[in-house]
Amino acid sequence: MNIEIICPLYQAEKYIAQLHKSLQMQKKVDVLNILYLLTESKDDSEKILKQEKLCYQFIKKEEFSHSLTREQYAFKSKADIIVFISQDIVIEDDLWLYHLTKDIISGQVDATFSRQITKYNTIEKYTRERNYPEESRIVSKEDIPRLGLYTFFFSDASSAIRTTTFRQLGGYDQKNLPISEDMYFAYKLIMHGKKIKYVAESIIYHSHHFTLKQLYDRYKLTGNFFQENSYLNDYSATKAGGGLAKYVFKRMIQERNIKAIFRFFPDMMARYIGMKVGKYEKRKSS
């Protein structure tokens, strides 16, 4: 089975060269195409893409959508497997893609996503540990009573989906989703009897330095998503999917990470308040 990698870009001049190099070094896979979706920006992203003769589509800023843009080009794909990635991931393993796609090729599952690790010694380090553990797992509809909402945990920062499945399920249903489009589709996968695998052997580095305002805004958008897709509120955050704050605090204490400890309470409050406000405040249309 062959693969098309689809990567949205925005203000990406510092990422393109190294990211493309890491994609080209992948072994034991048949990559049909690497497609970059460039949203117009003021940096040299397009200049770099042209210089390197990379395959890309130019998108006007007002026309970009996290869900609709991915959906549009995934529907056009001629590959057997679609791989979605983010511009800011770092790939160091030449078998990252092989591990990510091999269980789709074998027919074991219809979608997969990678383990994410941060290179920073911040709160994100511990949230990544919790959400992306060292052991792989496969989830299906049968796991909902045990995992609740966590059954639909999925990340298109590095994910793979069988193309026919993506099309058969209608992608993102032509909805403009500014965030959590990956969870939206994961829910559809699970409820249609498909299986998702978290592949711990497929590792990417994905690191952020969010301000409290940026965290608040992200979680407000997430709250909007849950308001607009209220059926997801029917699934409880069970012990398997909850307890993140408790885990993070425990790990910070264990490692005596003083800087992260001072950041902990305002960080968690920004997330909590953003989520609450988002669930009760209607999202402004862009």
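Predicted model: local features only at pLDDT ≥ 70, side-chain atom pairs only at ≥ 80, totals over all residues.
Residues are numbered from 1 along each chain as its sequence is written, and side-chain values use heavy atoms, with hydrogens and water left out.

Let's start with the sheet. Eight strands form an open sheet with mixed pairing, in the order β3-β2-β1-β4-β7-β5-β8-β6. At its edges sit β3 (56–59) and β6 (137–139), each pairing on one side only. From one strand to the next, the twist averages 25°. Strands here are DSSP runs of E with at least two residues, helices are runs of H or I with at least four, and both are numbered from the N terminus; two strands pair if DSSP finds at least two bridges between them.

Look inside the sheet at β5 (residues 111–117) and β7 (residues 158–162), which pair in the antiparallel sense over three bridges. There, Thr-112 stands opposite Ala-160 in β7.

Now for the helices. Helix α3 (residues 68–76) has Thr-69, Arg-70, Glu-71, Tyr-73 and Ala-74 as its buried residues, buried meaning under 20% relative accessible area with a 1.4 Å probe and protein chains only. These buried residues pack against β1, β2, β3, β4, α7 (163–168) and α8 (181–191), contact meaning heavy atoms within 4.5 Å.

Finally, find Asp-267 in helix α11 (residues 258–280). Asp-267 is buried because its relative accessible area is 3%. Leaving aside residues up to four places away in sequence, Asp-267 touches Ile-123, Leu-212 and Leu-215.

How values were computed: Buried < 20%, exposed > 50% of the residue type's maximum accessible area, 1.4 Å probe, protein only. Axes fitted to C-alpha atoms, helices over the stretch in contact; angles between N-to-C directions.
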